[in-house]
Amino acid sequence: KNGIRGTPHYYEVGDPRISSIRNSLDSMSGVPGVVDAASAVYLNQLDVPTRAFDQGFTSGDGQLLRTMSGDPLIEWFSLRMASNLVAPTVAEEGDYQFAMHSDDGALLKIDENRDGIFEVLVNDDSIHSPRLKCATRTVHLKAGDPLPMKLDYFQGPRVLITMQLLWRRMPAAQNAGLGCSMNELSAVPAKAFLLEAGRKNPCVK
């Protein structure tokens, strides 16, 4: 039941429309030159540190993501992902600050009221080199109380690729004036991601 479910979309190399998540995901399904993958992919966590673009992404079972024709999915693609966030244990319940480290664009959204309405928590959209973008507020997580989340990501042109969802637990006294840096953060662990009820991650035995 742990994991993240994603739907890949890929585009013709150099497609000038691929410059943001809005262009690459929200407006392009069914547009000529855009391929919606036939099946979903499953990830165990969102932790792809900066590396050469031709190393690509791997799914939860360690397989390189590929197009339907079998080519490695290394540039000009997007992923629309969904899962639920939880505190892994009761002892780890508390307020968390989230951040995205990405190349290219990433958009993290959460449904804090559990009413189907997702609000943006971290917006790091557009084509850019690897950079860190931090949430400006904290989110309270509890064990056994899943918080629905969505993460949209796209990779435009080479040369690097990065996608990391990071967090840190915040003492209440330190929540004012939030900022963050890489040395304060760690990758959200696999045990903090829960798939929706009834869905199983085929990559987890």
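Arg-168 sits in strand β12, which spans residues 160–170. The model is predicted. In it, Arg-168 is buried because its relative accessibility is 14%, under the 20% limit. The side chain of Arg-168 has a polar contact of 2.7 Å with the side chain of Gln-97, and Arg-168 also forms a salt bridge with Glu-184 at 3.5 Å, N to O.

**Surroundings of Arg-168**

- Leaving aside residues up to four places away in sequence, Arg-168 touches Asp-95, Tyr-96, Gln-97, Gly-179, Cys-180, Glu-184 and Leu-185.
- Gln-97, one of these neighbours, is the residue whose side chain makes the 2.7 Å polar contact with the Arg-168 side chain.
- Glu-184, the salt-bridge partner of Arg-168, lies in the loop between β12 and β13, while Arg-168 is in strand β12, 16 residues apart.

**Nonpolar cores**

- In soluble globular proteins, nonpolar side chains tend to be buried together.
- The largest nonpolar core here has 36 residues, and Leu-46 and Phe-98 have the most contacts inside it.
- A second, separate core of 5 residues includes Cys-134, Leu-166, Cys-180 and Leu-185.
- Leu-46 touches Ile-4, Met-81, Met-149, Leu-151, Met-163, Gln-164, Leu-165 and Phe-193, again not counting residues up to four places away in sequence.
- Cys-180 and Leu-185, both listed in the 5-residue core, are also among the residues that Arg-168 touches.

**Disulfide**

- A disulfide is a covalent bond between the sulfur atoms of two cysteines.
- The whole structure contains 1 disulfide, and it joins Cys-134 to Cys-180 with an S to S distance of 1.6 Å.
- Distant parts of the chain are linked by this pair: Cys-134 is in strand β9 (residues 131–134) and Cys-180 is in the loop between β12 and β13 (186–187), 46 residues apart.
- The link between Cys-134 and Cys-180 is left-handed, with -65° about the S-S bond.
- Cys-134 counts as buried because its relative accessible area is 19%, under the 20% cut-off.

**Salt bridges**

- Side chains of opposite charge can pair when their charged atoms come close.
- A search of the whole structure gives 6 salt bridges, including the pair of Glu-184 and Arg-168 described above.
- Asp-152 and Arg-80 form a salt bridge through their side chains at 2.9 Å, N to O.
- Asp-152 is buried, with a relative accessible area of 1%, whereas Arg-80 is partly exposed at 32%.
- Arg-80 and Asp-152 are also linked with Lys-109 in a network of salt bridges.
- Arg-114 pairs with Asp-145 in a salt bridge, with 3.4 Å between the closest N and O atoms.
- Arg-114 lies in the loop between β7 (106–110) and β8 (119–124), and Asp-145 in the loop between β10 (139–141) and β11, so the pair ties together parts that are 31 residues apart in sequence.
- Arg-114 is partly exposed at 37% relative accessible area, and Asp-145 is partly exposed at 34%.

Conventions: Residues numbered from 1 in each chain as written. Predicted model: local features only at pLDDT ≥ 70, side-chain atom pairs only at ≥ 80, totals over all residues. Heavy atoms only, no water. Helix = DSSP H or I, 4+ residues; strand = E, 2+ residues; numbered from the N terminus. Buried < 20%, exposed > 50% of the residue type's maximum accessible area, 1.4 Å probe, protein only. Polar contact = N/O pair within 3.5 Å; in protein donor to acceptor, adjacent residues only side chain to side chain. Contact = heavy atoms within 4.5 Å. Core = buried A, V, L, I, M, F, W, Y, C linked by side-chain atoms within 4.5 Å. Disulfide = S-S within 2.5 Å. Salt bridge = Lys/Arg side-chain N within 4 Å of Asp/Glu carboxyl O.
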